[in-house]
Amino acid sequence: MTDSAVIVGAGVIGLATAHRLARDGLAVTIVDATRGDTGASAHNAGWIVPIMSAPVPAPGMLGQALRWMARKDSPLYIRPSLRPEHVRFMLSMLRHCNPQDFHHGVEALVSLNERTVALFDEYEKDGVEFEYHRTGQLMVFHTGEAMRRYQTEAESLERIGHTAEPLSGDELRDLEPALGSHVRAGLQCPQERHVDPASLVKGLEDRCRELGVRFLHNRPVTGIRSRGGVVTSLLAGGEEISGDVFVLAAGVHTGTLSRLAGFPLPIQPGKGYGFDDTSGSVTLRHSVYLGEGKVAVTPLSDRLRFAGTMEFGSSDSTIDQHRLRGIVRSVHEFLPSFPPGSQPRGWTGLRPMTPDGLPVIGPLPGKDNILVASGHCMLGVTLAPMTAELVSAQIKGAHQTSGSAHPAHAFTPQRFASRRGHTTADG
């Protein structure tokens with residue numbers, strides 16, 4: 001019998017998992033090294049976008065990154081570093097930049113997204129209070145060629161009801177007059193949603209408290225105790241915390257925690273940048289993806305949020321002004337009423353990246369009662385409720401989640417084990 005669960009991490013993945021397990025009837029404790037309402041779970045675009053669920057390592061991705069190395073404001077930047085874990089991670093990611101692995105990853109993520117929108121709707125019905133928008137998404141491009149690449153990638157999502165309808169520049173401006181004349185083509189994705197991510201984190205935490213979840217903030221985990229192949233407790237903030245099952249959902253810190261359990265995972269940070277604008281210079285109804293600029297624009301109740309860029313090789317919260325200026329430049333190219341000389345107050349968020357671009361969900365090898373729920377790259381908000389469903393099913397010993405089969409093997413930590421039992425790309 002499993003009566004209690006300890007979850008490490010109070011971000012959106014940890015909270016979604018706690019919510020699900022508490023509704024299953026488990027006594028749940030969340031342990032977090034900080035307050036829990038900062039970091040990547042609050043600092044992101046807030047998009048619920050199965051239509052954009054694809055692995056980061058794609059054919060040609062690293063080649064493009066190398067061509068962008070001379071530009072500090074480029075959408076994708078690999079900071080030079082000789083740290084062994086960084087080098088191993090990037091080499092492993094390079095090996096996954098091929099059509100076969102990319103297609104495999106897309107198919108796995110399509111299956112994981114079958115109930116994404118329905119699960120967010122269920123949050124509302126369950127009393128989770130958060131800012132939630134159902135207006136759909138637009139992807140806009142300067143060229144039809146760029147649009148068609150995204151259209152091809154989105155085709156596999158049609159079978160689960162997520163469509164991308166091609167529109168001309170004029171049709172896009174009919175929907176969003178703020179778009180400039182250089183926008184020539186785009187895709188309308190009516191099933192996609194967006195949220196204020198900070199409100200989602202707060203709403204889930206509040207609902208978890210109502211369900212009896214115990215929160216232990218400012219308690220960094222320093223040890224994991226086992227008896228044979230069974231984890232018995234965590235050491236956090238000087239306290240021993242026992243449970244029947246444990247879930248590591250600590251974002252970029254999950255690799256370090258899994259090392260304490262004897263199986264280091266190759267989860268490395270990818271730094272994203274963003275800023276909020278309350279000037280009112282641009283008004284939008286839909287969330288908008290600025291294709292060539294790789295910038296997400298999210299209209300929230302009191303502001304516009306801009307998010308973009310991916311930077312590998314940096315693990316702190318320092319802000320490179322070149323990166324922010326690159327976002328501002330891209331925004332002005334697509335939304336000309338946004339002032340090109342803006343100097344916004346930026347923020348960063350460290351996304352937990354994996355070499356193959358897929359999340360890590362499931363029990364650690366050799367330790368069946370400690371599971372991982374991390375490595376969601378840039379899809380943490382999108383995949384949070386479905387990750388919780390999968391963790392719930394695995395704890396129950398089920399092979400199916402809510403009646404639908406899912407390729408759990410695609411996300412298992414076991415995929416990073418070599419024949420000798422060590423990770424293939426140590427993080």
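Here are some notes on aromatic pairs, salt bridges, one serine and a surface patch in this predicted model.

1. Ground rules. As the model is predicted, local features need pLDDT of at least 70 and side-chain atom pairs count only at pLDDT 80 or more, while totals for chains, interfaces and linings use all residues. Numbering starts from 1 along each chain as its sequence is written, and side-chain values use heavy atoms, with hydrogens and water left out.

2. The F275/F306 pair. There are ten aromatic pairs in the structure (Phe, Tyr or Trp rings, the six-membered one for Trp, with centres within 6.5 Å; planes under 30 degrees apart are stacked, over 60 edge-to-face, the rest tilted). F275 and F306 make a stacked pair, because their ring centres sit 5.0 Å apart with the planes at 25 degrees. This pair links distant parts of the chain, with F275 in strand β15 (residues 268–277) and F306 in strand β18 (residues 304–312), 31 residues apart. Helices (H or I, at least four residues) and strands (E, at least two) are DSSP runs numbered from the N terminus.

3. F306 again, with F338. The rings of F306 and F338 have centres 5.2 Å apart and planes at 50 degrees, so this pair is tilted. F338 sits in the loop between α10 (321–334) and β19 (346–353), 32 residues from F306. F306 counts as buried at 0% relative accessibility, and F338 does too, at 1% (buried is under 20% relative accessible area, exposed over 50%, partly exposed in between, with a 1.4 Å probe and protein chains only). Elsewhere, W47, F141, Y150 and Y289 form one aromatic cluster.

4. R79 is in the loop between β4 (76–78) and α3, E311 is in strand β18, and the two are 232 residues apart.

5. Salt bridges within helices. E145 and R149 meet at 3.9 Å, N to O; both lie in helix α6 (residues 144–154), four residues apart, about one turn of the helix. E145 is exposed, at 54% relative accessibility. In helix α10, E333 and R329 are also four residues apart, which means about one helical turn between them. Their closest N and O atoms are 3.4 Å apart. E333 is partly exposed at 36%, as is R329 at 33%. Salt bridges with shared partners also join R20, D24, R115, E122, E389 and K396 into one network.

6. S258. This serine is in helix α9 (residues 254–260) and is buried, at 0% relative accessibility. A polar atom of the S258 side chain lies 2.9 Å from the backbone oxygen of F263. Leaving out residues up to four places away in sequence, S258 touches L248, F263, P264, L265 and L364 (contact means heavy atoms within 4.5 Å).

7. V87, L91 and L94 make a nonpolar patch of about 240 Å². L94 belongs to helix α3 (residues 84–95) and is partly exposed, at 45% relative accessibility. For patches, residues need over 30% relative accessible area and no salt bridge; like charges are joined within 9 Å, and nonpolar side chains (Val, Leu, Ile, Met, Phe, Trp, Tyr) within 5 Å.

Key: Areas by Shrake-Rupley, 256 points an atom, 1.4 Å probe, with all protein chains shown as cover. Salt bridge = Lys/Arg side-chain N within 4 Å of Asp/Glu carboxyl O. Polar contact = N/O pair within 3.5 Å; in protein donor to acceptor, adjacent residues only side chain to side chain.
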